[in-house]
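Thank you all for coming. Please look at the sequence and the model on the screen, and I will then talk through the charged side chains.

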Amino acid sequence: MNNHSELWKKQQWKKLRQNLFRLQKRVYKAVRAGDLKKARSLQKLILKSRSAQLLAVRQVTQLNKGKKTAGVDGKSSLNYKERMELVETLNDHALDWKHSRLREIPIPKKNGKIRMLKIPTIADRAWQCLVKLALEPAHEATFSGDSYGFRTGRCAQDVQKRLQIHLASNHNGINKRIIELDIKKCFDRISHTAIMERLIAPAKVKIGIFRCLKAGVSAEFPDQGTPQGGVVSPLLANVALNGIEDIHTSLRYADDMVFILKPKDNAEKILNKVKEFLAERGMEISEEKTKLTKTTDGFDFLGWKFRVRKDEKFSCIPSEENHQNIRKKIKNVVNCSNYGAEVKALKLAPIVRGWRNYHSSCDMSSSRDSLWFMAKTANRKFRKEKKVNRYKANELCKKAFPKVGYKQNQHVNVRGTKSPYDGDLVYWSQRNSRLYSNATSDALKRQNHSCGHCGLRFLEDESVHLHHVDGNHDNWSKKNLLAVHQSCHQQIHWSTPKGEDI
């Protein structure tokens with residue numbers, strides 16, 4: 001076991017990432033040039049590449065949020081020996097992979113219905129990740145500039161900014177209308193044929209993807225659906241839906257979409273074209289949830305409430321539903337009797353910080369959106385606990401509700417159809433740095449947007465962690481903070497008892 005542990009930890013991850021990126025960049029450029037034959041040959045090289053195989057296994061066993069979720073085989077983690085064995089299995093069978101059944105987990109939806117999450121085994125997830133490494137650069141070269149969901153280098157804030165541009169006063173936003181499109185059971189109804197016809201991949205990989213799709217089908221719809229929970233499923237959904245943005249001026253985030261109508265645009269005609277497009281792919285719109293809205297009435301999209309006021313100014317605030325969700329999360333922590341005030345403050349901080357970061361390009365000036373009442377309630381609850389006086393309760397509240405700066409429309413959009421696979425590392429690393437704030441942002445600027453451990457530039461495929469050099473997490477002096485890749489942070493701490501659980 002120790003030999004395998006050392007073998008895994010001593011892998012030259014920096015070099016492996018560079019090797020893989022060189023191949024991915026060539027795939028992207030080949031597709032952009034229209035040379036699909038060359039692109040498929042390069043995709044085969046990626047599948048056979050030791051670098052890609054090692055990185056795929058590391059991604060699903062160390063970095064992904066759902067890394068501890070077990071499939072039908074019951075395995076929730078792999079030791080170092082099993083990881084190396086999985087790399088060998090991928091090397092031998094990447095082009096003739098036999099996909100296992102999926103573990104089904106029912107997830108309640110907000111409307112009371114059940115969504116079935118289908119979880120592949122760790123081995124299947126590693127294969128899907130390997131295939132995604134080959135497929136993604138090819139399709140990034142073809143995707144629309146108005147598509148943002150589940151795409152490396154793009155985020156929900158890009159949609160937010162584009163809506164602000166479309167609905168600004170100098171674009172006559174006050175007289176526009178919005179079609180809020182809802183696709184009925186999108187992931188469950190996508191036609192397998194529609195995906196296979198549009199997939200840029202070698203023939204053997206297509207067979208493997210087809211087996212993957214068949215592993216997640218329902219008995220009622222045997223030729224439809226992508227398993228929600230698979231690593232490659234979001235990419236396949238984007239492949240099937242690509243092109244819907246060309247019907248009319250629109251913005252799409254995965255299967256969530258809005259069409260932006262000028263006063264003379266015919267909404268019915270546009271919807272008919274959308275219905276035809278979706279019918280070819282085995283899907284249909286939800287008539288009950290799809291609606292036409294005036295921009296002055298406002299509409300909810302991606303957790304925000306967008307509206308053009310009577311003075312023609314654009315307004316964006318967190319939606320009511322989004323605000324209710326954060327209140328519920330905060331209440332669950334504050335009212336929990338299993339742990340004390342200090343632990344509650346530690347648990348609240350990432351929840352509040354994450355919510356505020358997501359909305360940092362909104363108008364957050366109201367007391368509701370500043371979470372003022374929630375902070376007061378938490379302070380009162382903290383003071384009821386033993387050994388927590390007013391001063392300590394105030395300090396804990398500051399930790400529990402960290403401040404994040406906000407400014408409406410401050411986000412800078414991704415430029416046109418640019419992709420991280422175009423090789424413009426300076427652009428992408430600097431753009432990625434803008435997504436972070438406060439201490440992380442300062443550290444990134446000091447380090448010229450490069451990792452403090454491996455020296456590689458930061459791209460969108462891996463989150464940035466702040467490493468405390470002296471190990472003291474209360475020491476936030478600039479000299480003690482280093483911005484590093486998530487995987488590099490794990491490498492730094494491999495000598496600690498916590499190991500990879502960082």
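Helices (H or I, at least four residues) and strands (E, at least two) are DSSP runs, numbered from the N terminus. What you see is a predicted model, in which local features need pLDDT of at least 70 and side-chain atom pairs count only at pLDDT 80 or more, while totals for chains, interfaces and linings use all residues. Residues are numbered from 1 along each chain as its sequence is written, and side-chain values use heavy atoms, with hydrogens and water left out.

Let me begin with two lysines. Lys113 sits in the loop between strand S1 (103-108) and strand S2 (114-119), and because its relative accessibility is 54%, Lys113 counts as exposed. Here, buried means under 20% relative accessible area, exposed over 50%, and partly exposed in between, with a 1.4 Å probe and protein chains only. Lys344, by contrast, belongs to helix H14 (residues 341-358) and counts as buried, at 5% relative accessibility. The side chain of Lys344 is joined to that of Glu385 by a polar contact of 3.3 Å, a term that stands for a pair of N or O atoms within 3.5 Å, where, within protein, one must be able to donate a hydrogen and the other to accept it, and residues adjacent in sequence count only if both atoms are side-chain atoms.

Now to the salt bridges, each being a side-chain nitrogen of Lys or Arg within 4 Å of a carboxyl oxygen of Asp or Glu. How many salt bridges does the structure hold? The structure holds 18 of them, and I will pick out a few.

In one, the side chains of Glu88 and Arg50 meet at 2.7 Å, N to O. Glu88 lies in helix H5 (residues 80-93) and Arg50 in helix H4 (residues 50-63), so this pair ties together parts that are 38 residues apart in sequence. Glu88 is partly exposed, with a relative accessible area of 34%, and Arg50 is partly exposed at 35% relative accessibility.

In another, Arg151 and Glu140 meet through their side chains at 2.9 Å, N to O. Arg151 is in the loop between helix H6 (122-140) and helix H7 (156-166), and Glu140 is in helix H6, so the pair links parts 11 residues apart in sequence. Are these two residues buried or exposed? Both Arg151 and Glu140 are buried.

Finally, Glu197 and Arg198 form a salt bridge of 3.7 Å, N to O, with Glu197 exposed at 59% relative accessibility and Arg198 partly exposed at 27%.
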